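Subject: Handover of a structure, with notes

Dear colleague,

Please find the structure below.

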Amino acid sequence: MAETVKLTINGSPIEAEKGALLIEVARANGIEIPAFCYYEGLSLQAACRMCLVEVEKTPKLQVGCTLPVAEGMVVHTESDVVKSARKGTLEFLLTNHPLDCPVCDKGGECELQDMVFRYGAGESRFVERKQHVDEQQWSPVVFFDAPRCILCYRCVRVCNEGLGVNALGIANRGVIAEIVPNHHDHLECDECGACIDICPVGALTSGIYRYQTRPWEMNHVGTICTHCADGCRTTLGVRNEKIIRGNNRDSSGINGEFLCIKGRYGFDFTEHPERLQSPLLKVGDGFEPVSWSKALEVVAKKFAAVKAAGGSFGVIGSSHTTNEESFFLQKFARQALGTKNIDHHRSGDLTTFVDALTDRANVLATVTDLYTAKAVLVVASDLSQQHPLLANQVRANVRHHGAHVYAVTSGPVREDKQSIASVRVEKGGELAGVEGLREKLAAEGELVILFGDAIQGESLRKLVAFGDSLGIPVKYVCLVDYSNSRGAFDMGLIPREGGMSREQMLASSDLDVLWVVGANPLKSTSLAAKNAFVVVQDLFMTETAKRADVIFPAASAYEKSGTVTNVCGEVQKLKAAIKVMGAKADLEIFGLIAKEMGPDVVKTVGIWSPEKVFEEIRKTVHGYDVSVPVIATGGAAPTMPLNGRVAALPGTVASAGDTLFTSGTLSRYSKILNSVMEAPGELYGGKGSAS
Ligand code: SF4
Ligand code: SF4
Ligand code: SF4
Ligand code: FES
């Protein structure tokens, strides 16, 4: 056990680890020492002097954020002399501050405002002219108002240390010192908005949120980001059925405060003018809006007729819909339609993954493991681009625990900067690259191996055999793409028992009905069955929807309840933040089709409430008997699907290769994601992946 010391803070006896910082010891014991530049998890700056405290037997006030605690220390954090010093610090900070709180975006959430309110420095003795600099727009999402800046350097540090981007710096000295972006007058960076979030004042503001509302006028809804498989928890600020802001300032969930650009800003697809808001029926070469009852009747009749005639169904589900929806859809397909032709866009070889690790315990890494593991090996993935949260966890692990990172990739990756060994290999040569690291890896105390879609089938088995041969505890993450890729697989949206894969369904000329839910397979291929009756549930008129006979307007993940499973197999809860007129949750659409088909079908598929289906999942899906209270309170519950062996499946496994700025159809319809200069240009032409 670490050596401890005894000290007194404000008269309370406290025992703490020797050398711990006073500010952290105080906070851990419920005593708040105010701070601007100190920020948990970032390096120390000691720039603002807001944390001054009185320590007996020292001649002057001490800086609490850099002061290590020592035996016998007697500290006062709220004495008159301390309060007066804080008031003085605030008065200095306000000398050049515009004090435009009534129009400042940070009003109501501003740490400077709070401190002035607490310590009082509202009246200025300075009558000199203030140094004015015009507000600057650094990117579509980042604005900077220099006079409001209190030079705490939080933004510089979070960008450098937290994101590994290093896009912000400081120019000049003294009264003209100023935060500057990496490209003189504009930013080229991850556009993650972490700097805006962490800014204690309204110096950095969001191009999306600014001047729209006050924080207390919004509802704050905690849910899960819908863009990638990492499963960041986000708090959506909602006003009048419009999502205005995304952040995670309460640090709940597996991601702490982290969100990438997609989680922070990529919610505007929900209000895109091309959102489908009525069922559509194919008439001639076009579509006609029809009532829900009409569309349901057409689909139910067709399904019943094809089933009665012994016809052939194909069902393609989604990597974005909830576990409950995926489970219900495969049950509907298997039990009510009698088909085994069920699949989704599989972006990682979970089949071999589950099989190779079956019957083992403690081999699936959680998001938290990436922050605590002694060593991490990244194989065949540009982690910062494709899994921003996982990359953030690894960076934080290196920063805080000195973790050893190894990267085996075909091109340069951001992880190179943190890696103690980066190996460049030709595509397909990853295992040879990994083998070359054997000696170093075997010397580690433990290891987490993350691998992308290039590692599948035999390569995956060989990678696991390699992990076994190291003689140290090894955990794995099979990197899949989308917000519920993992859940779609676990729920059984896969072609078991001789069913056709997604590619086989599209290539089959015998298909009578193709039912596509939340996917866009016809973006990159065509449907061989020219006369097949196609039903599509989607948010937008995708390439696949254009081929449909009936289209149902579907709700997005921000508009419904349910659960999703992230890339590490952790289940989290979605909470509906808004309602979009005309759209319905896919689960409800399935239920309405069942109802229209008649009581026998309803009896077969069961009740379509998310809670009821979740209960069924907990009882029937292997490894999903997860803790309900953990999920209900916003936590992530790990699943253990490893004994549910899956026979080899037909069909392709391929990542869509999305980047930090893309996520298939959703990002195509996010004007904000497309507006930043870092977004791949082809997005404007409507390119995107098939999910
Ligand atoms: S938006 Fe993110 S990457 Fe860009 S400057 Fe701010 S913290 Fe750095
Ligand atoms: S812009 Fe904000 S976070 Fe950055 S130094 Fe200024 S006050 Fe601090
Ligand atoms: S890392 Fe993934 S889950 Fe997290 S905010 Fe970004 S897109 Fe969303
Ligand atoms: S918080 Fe200690 S100097 Fe800024």
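Predicted model: local features only at pLDDT ≥ 70, side-chain atom pairs only at ≥ 80, totals over all residues.

Residues are numbered from 1 along each chain as its sequence is written, chains are lettered from A and ligands numbered from 1 in the order in which they are written, and side-chain values use heavy atoms, with hydrogens and water left out.

Ligands

A residue is counted as near a ligand if one of its heavy atoms lies within 4 Å of it. For the classes, Ala, Val, Leu, Ile, Met, Phe, Trp, Tyr, Cys and Pro count as nonpolar, Asp, Glu, Lys and Arg as charged, and the others, Gly among them, as polar.

Around ligand 1 are Cys159, Ala167, Leu168, Leu187, Cys189, Asp190, Glu191, Cys192, Gly193 and Cys195. This shell has seven nonpolar, one polar and two charged residues.

Ligand 2 is surrounded by 14 residues, and the closest are Cys149, Cys152, Tyr153, Cys155 and Cys199. Its shell has 13 nonpolar residues, one charged residue and no polar ones.

The residues around ligand 3 include Cys225, His227, Cys228, Cys232 and Cys260. Helices and strands are DSSP runs numbered from the N terminus (helices H or I, at least four residues; strands E, at least two). H6 and H12 each supply at least two residues of the shell around ligand 3, and by class that shell has seven nonpolar, three polar and one charged residues.

Nonpolar cores

In soluble globular proteins, nonpolar side chains tend to be buried together. A nonpolar core is a set of buried Ala, Val, Leu, Ile, Met, Phe, Trp, Tyr and Cys residues joined through side-chain atoms within 4.5 Å. Buried means under 20% relative accessible area, exposed over 50%, and partly exposed in between (1.4 Å probe, protein chains only).

The largest nonpolar core has 127 residues, and those with the most contacts inside it are Phe36, Leu112, Leu377, Leu390 and Leu450. Another core, of 47 residues, lies apart from it and has Leu281, Phe327, Leu592 and Ala637 among its members.

What does Leu112 contact, leaving aside its neighbours within four places in sequence? With contact meaning heavy atoms within 4.5 Å, the partners of Leu112 are Phe36, Leu90, Leu93, Leu94, His97, Ile150, Pro200 and Val201.

Pockets and cavities

Rolling a probe the size of a water molecule over the atoms shows where empty space is left. On a 1 Å grid over the protein atoms alone, a cavity is a set of points where a 1.4 Å probe fits but cannot get out, and a pocket is an open set with protein on both sides within 12 Å along at least five of seven lines; lining residues have an atom within 4 Å of a point. Grid points are joined across faces, edges and corners, and a volume is the space filled by probe spheres set on the points.

The largest pocket has a volume of about 740 Å³. It is lined by 27 residues, of which Glu40, Asn255, Gly256, Glu257 and Phe258 are the closest to its centre. H12 provides the largest share of this lining, five residues. By class, the lining has eleven nonpolar, ten polar and six charged residues.

The second largest pocket has a volume of about 560 Å³. Among its 29 lining residues, Lys106, Glu109, Glu111, Asp197 and Arg249 are the closest to its centre. Strand S13 gives the most to this lining, with four residues, and the lining divides into twelve nonpolar, five polar and twelve charged residues.

Seven cavities of 30 Å³ or more are found in the whole structure. The largest cavity holds about 200 Å³ of space. Of its 19 lining residues, Ser318, His320, Gly518, Leu539 and Leu666 are the closest to its centre.

Two loop residues

Gly19 is in the loop between strand S2 (12-17) and helix H1 (22-28), and is partly exposed at 44% relative accessible area. Not counting residues up to four places away in sequence, Gly19 touches Pro68 and Val69.

Yours sincerely
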